Amino acid sequence: MGLKVYIDGKLVEQEQAAVSVFDHGLLYGDGIFEGIRAYNGTIFKADEHIKRLYNSAKAIMLRIPMEPEEFKKAMYDTMAANNLSDAYIRVVVTRGPGDLGLDPRKCPTPSIIIITADIQLYPEEFYRKGLDIVTVSTRRVNSSALSPRIKSCNYLNNIMAKLEGIRAGCVEALMLNSRGEVAECTGDNIFIVDGGVLSTPPLDAGILGGITRDVVIKIARGESMPVRESPLTVYELYVADECFLTGSAAEIVPVVCIDGRQIGDGTPGKTTLQLLAKFRQLTSEG
Ligand code: PXG
């Protein structure tokens with residue numbers, strides 16, 4: 001039996017899980033999504049992901065026809081239908097089918113999709129050796145055009161940056177904002193450790209409010225480590241003692257080279273590895 005996918009209130013075989021070609025999620029990228037992890041049968045930071053999903057929906061004036069608690073239950077039901085306890089959960093809510101024009105009023109019923117899959121863990125080598133990343137020329141979309149706080153299905157900005165990163169032989173690419181400050185990577189937030197201080201760009205640098213980012217900030221504060229959310233330049237990254245990325249898929253992944261500049265001694269940083277250990281402790285506790 002194949003994978004079962006939740007779509008519009010039903011669990012169906014993946015071959016039957018389809019949306020209309022008139023769905024505005026497909027026609028215009030008019031929709032929102034979440035990428036979530038479950039560890040040992042527990043959805044990690046479920047309430048935080050649901051909150052961000054509903055906030056994204058509110059920002060694009062899309063009413064999700066389900067209560068947040070029902071949504072959470074649907075995620076657990078989908079995991080159970082696939083016998084998964086460790087999973088990657090992709091939630092997508094689109095504007096739904098309409099006509100060929102942009103008008104969202106023509107789309108009365110959102111499409112709700114929950115896909116649960118075996119997690120494709122990042123190769124162990126990424127954690128052992130650390131990543132080599134590059135700054136790309138594609139700037140993070142300006143907040144006044146489309147807030148990066150909205151996790152929208154319109155990810156071409158990130159994909160354009162990813163393409164540049166891939167051409168440079170890197171698995172992640174660093175994007176600056178329109179002011180030239182460090183924003184974030186294509187699917188991960190970025191941190192540095194310098195002189196014992198943990199720094200990461202603030203939300204108003206025009207970034208996604210990453211849930212892993214929040215967890216890492218909390219862990220560090222709990223360890224009495226100074227944390228700064230303040231604008232960063234690429235120069236500050238180049239000369240930092242340590243650098244790492246955070247995301248639901250990546251968890252905490254060390255960065256050892258940026259634009260050809262070795263970070264620290266070129267191996268994963270001590271604080272980075274300590275934060276990763278604490279993070280893994282949290283995920284295993286559920
Ligand atoms: N920034 C961006 C632009 C993201 O898309 C993050 C930061 C990290 O946020 P969380 O809440 O996960 O800590 C993301 C989210 C994937 C995948 O399958 C990952 C994301 C988006 C889309 C796909 O690896 N990352």
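The model is predicted. Its largest pocket has a volume of about 630 Å³. The second largest pocket has a volume of about 250 Å³. Each of the two linings draws at least three residues from domain 1 (4–117) and at least three from domain 2 (124–284).

**The largest pocket**

- The lining of the largest pocket is made of 31 residues.
- Lys151, Tyr155, Thr186, Gly187 and Asp188 are the lining residues nearest the centre of this pocket.
- Twelve residues of the lining are nonpolar, ten are polar and nine are charged.
- Three strands, β3 (31–39), β5 (87–94) and β9 (182–185), are among the elements that each supply at least two residues of this lining.
- The helices α5 (156–167) and α6 (211–222) also supply at least two residues each, and so does the strand β13 (242–247).
- Both domain 1 and domain 2 contribute at least three residues to the lining of the largest pocket.

**The second largest pocket**

- The second largest pocket is lined by 13 residues.
- Nearest its centre lie Arg52, Asn55, Arg149, Leu203 and Gly209.
- The lining divides into four nonpolar, four polar and five charged residues.
- α2 (46–59) and α6 each supply at least two residues of this lining.
- α2 gives the most, with five residues.
- Here too, domain 1 and domain 2 each provide at least three lining residues.

**Helix α6**

- α6 supplies at least two residues to the lining of the largest pocket, and at least two to that of the second largest pocket.
- This helix has twelve residues.
- From first C-alpha to last, α6 reaches 17 Å, close to the expected 16 Å.
- The buried residues of α6 are Ile211, Thr212, Arg213, Val215, Val216, Ile217, Ile219 and Ala220.
- In an α-helix there are 3.6 residues a turn, so residues three or four places apart point the same way.
- Ser224 follows α6 and has a positive phi, near 60°.

**Thr186**

- Thr186 sits in the loop between β9 and β10 (189–194).
- Thr186 is also among the residues nearest the centre of the largest pocket.
- Is Thr186 buried or exposed? Its relative accessible area is 8%, and buried means under 20%, so Thr186 is buried.
- The side chain of Thr186 makes a polar contact of 2.8 Å with the side chain of Glu172.

Notes
Residues numbered from 1 in each chain as written. Predicted model: local features only at pLDDT ≥ 70, side-chain atom pairs only at ≥ 80, totals over all residues. Heavy atoms only, no water. 1 Å grid on protein atoms, 1.4 Å probe; cavity = no way out; pocket = protein on both sides within 12 Å on 5 of 7 lines; lining within 4 Å. Points joined across faces, edges and corners; volume = space filled by probe spheres on them. Helix = DSSP H or I, 4+ residues; strand = E, 2+ residues; numbered from the N terminus. Nonpolar A, V, L, I, M, F, W, Y, C, P; charged D, E, K, R; others polar. Domains from an automatic or database assignment. Expected span 1.5 Å × (residues − 1). Buried < 20%, exposed > 50% of the residue type's maximum accessible area, 1.4 Å probe, protein only. Polar contact = N/O pair within 3.5 Å; in protein donor to acceptor, adjacent residues only side chain to side chain.
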